Amino acid sequence: MKLYRGNNLTRSIVADLGRAIVGGKYNDETFPNEAQLAEQYSASRNVVREAVKILGEKGLLSSRPKIGTKIRDEDEWNILDSDVLNWFLGRKLSLPLLMELTQVRLQIEPAAAALAASSAGPEEIEAIRVAIEDFEASENGDGDQLEADIAFHLAIVKASGNRFFFRMSSLIETALRFSIRFTNKYKSELTHVVSHREIFTAIENHDEDKAHDTVVALLSNVERIIKEQLSE
């Protein structure tokens with residue numbers, strides 16, 4: 001790993017340790033103390049202390065006087081933190097985690113689509129139109145399909161006008177990046193382009209129920225495939 005100086009060094013250490021913790025490097029060994037980390041990264045103790053503090057805020061580490069620094073149980077990690085989620089992406093594909101992410105999407109995205117159909121203005125609808133056209137073009141090799149898919153879903157969340165939903169955009173983006181590894185081989189079953197176009201048409205026509213139900217159908221299909229794989 002390339003390390004930098006100053007604040008960049010702190011961020012580099014946070015990223016390196018975060019990936020190591022989430023990846024299970026310390027499952028069978030004691031987490032290094034402050035002096036060991038300072039030596040490992042050729043950094044001052046102040047820099048190491050700040051990195052450990054940041055990882056503590058993300059729920060990965062717990063530091064106490066006379067006890068030292070320990071890794072918290074995984075169910076205490078802040079998986080809504082974008083860094084923690086992205087570190088999860090570096091791990092071996094976890095179907096249970098993918099199921100949880102899909103369940104979260106099922107709670108947010110259908111409601112966001114219904115709100116977009118209800119209240120989105122011309123600019124928001126045009127943004128979704130551009131996204132669906134880019135996604136359709138990517139099916140023919142013109143552009144990055146994953147980025148186009150993400151842009152489509154995030155445009156809908158933004159068009160919902162719900163600021164709380166919009167704050168969940170990073171979670172939705174990470175979920176999409178994570179799930180694409182798994183769902184790519186089932187693309188024919190998911191009829192991606194057709195279902196995405198149907199979602200856009202419903203929003204454009206201000207059909208709240210259709211927009212909601214079409215997103216539910218799309219994500220429920222993903223959920224079904226994951227369940228089938230989990231049962232094998």
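**Entry 1**

I began with Arg197, which is partly exposed, with a relative accessible area of 27%. This is a predicted model, so I treat each value as computed from that prediction. The side chain of Arg197 meets that of Glu136 in a salt bridge, 2.9 Å from N to O. Glu136 lies in helix α6 and Arg197 in helix α11, so the pair ties together parts that are 61 residues apart in sequence. I looked up Glu136 too: it is partly exposed, at 22% relative accessible area.

**Entry 2: the whole chain**

I stepped back to view the chain. It has 12 helices and 2 strands. I read the order from the N terminus: α-α-α-β-β-α-α-α-α-α-α-α-α-α. The C-alpha atoms fill a box of roughly 65 × 45 × 35 Å along the principal axes. Of the 232 residues, 44% count as buried.

**Entry 3: other salt bridges**

How many salt bridges does the structure hold? I found 11 listed.

I checked Lys58 and Asp81, whose closest N and O atoms are 3.1 Å apart in a salt bridge. This pair links distant parts of the chain, 23 residues apart. Lys58 sits in the loop between α3 (45-57) and β1, and Asp81 in the loop between β2 and α4 (82-89). Both Lys58 and Asp81 are buried.

Next I took Arg105 and Glu109, with closest N and O atoms 2.4 Å apart in a salt bridge. Both lie in helix α5 (residues 95-119), 4 residues apart, about one turn of the helix. Are they buried or exposed? Buried means under 20% relative accessible area. Arg105 has 7%, so it counts as buried. Glu109 has 5%, so it is buried as well.

I also noted a network of salt bridges that links Glu34, Arg45 and Arg49.

**Entry 4: the hairpin**

I followed strand β1 (residues 61-64) and strand β2 (residues 68-71), which run antiparallel and are joined by 4 bridges. Which residue of β2 is the bridge partner of Ser62? I found Lys70. The hairpin has 3 residues between its strands, and Lys66 takes a positive phi near 70° there.

**Entry 5: acidic residues**

I looked at Asp134 in helix α6 (residues 122-139). Asp134 is partly exposed, at 44% relative accessible area. Its C-alpha atom is 5.9 Å from that of Ala148, 14 residues apart along the chain.

Last, I found a negative surface patch formed by Asp207, Glu208, Asp209 and Asp213. Asp207 lies in the loop between α11 (192-204) and α12 (208-231). Its relative accessible area is 34%, so Asp207 is partly exposed.

How values were computed: Residues numbered from 1 in each chain as written. Predicted model: local features only at pLDDT ≥ 70, side-chain atom pairs only at ≥ 80, totals over all residues. Heavy atoms only, no water. Patch = residues over 30% accessible without salt bridge, like charges linked within 9 Å, V, L, I, M, F, W, Y side chains within 5 Å. Areas by Shrake-Rupley, 256 points an atom, 1.4 Å probe, with all protein chains shown as cover. Salt bridge = Lys/Arg side-chain N within 4 Å of Asp/Glu carboxyl O. Lys, Arg positive; Asp, Glu negative; His and termini not counted. Charge placed at Lys NZ, Arg CZ, Asp CG, Glu CD. Buried < 20%, exposed > 50% of the residue type's maximum accessible area, 1.4 Å probe, protein only. Pairing = 2+ DSSP bridges.
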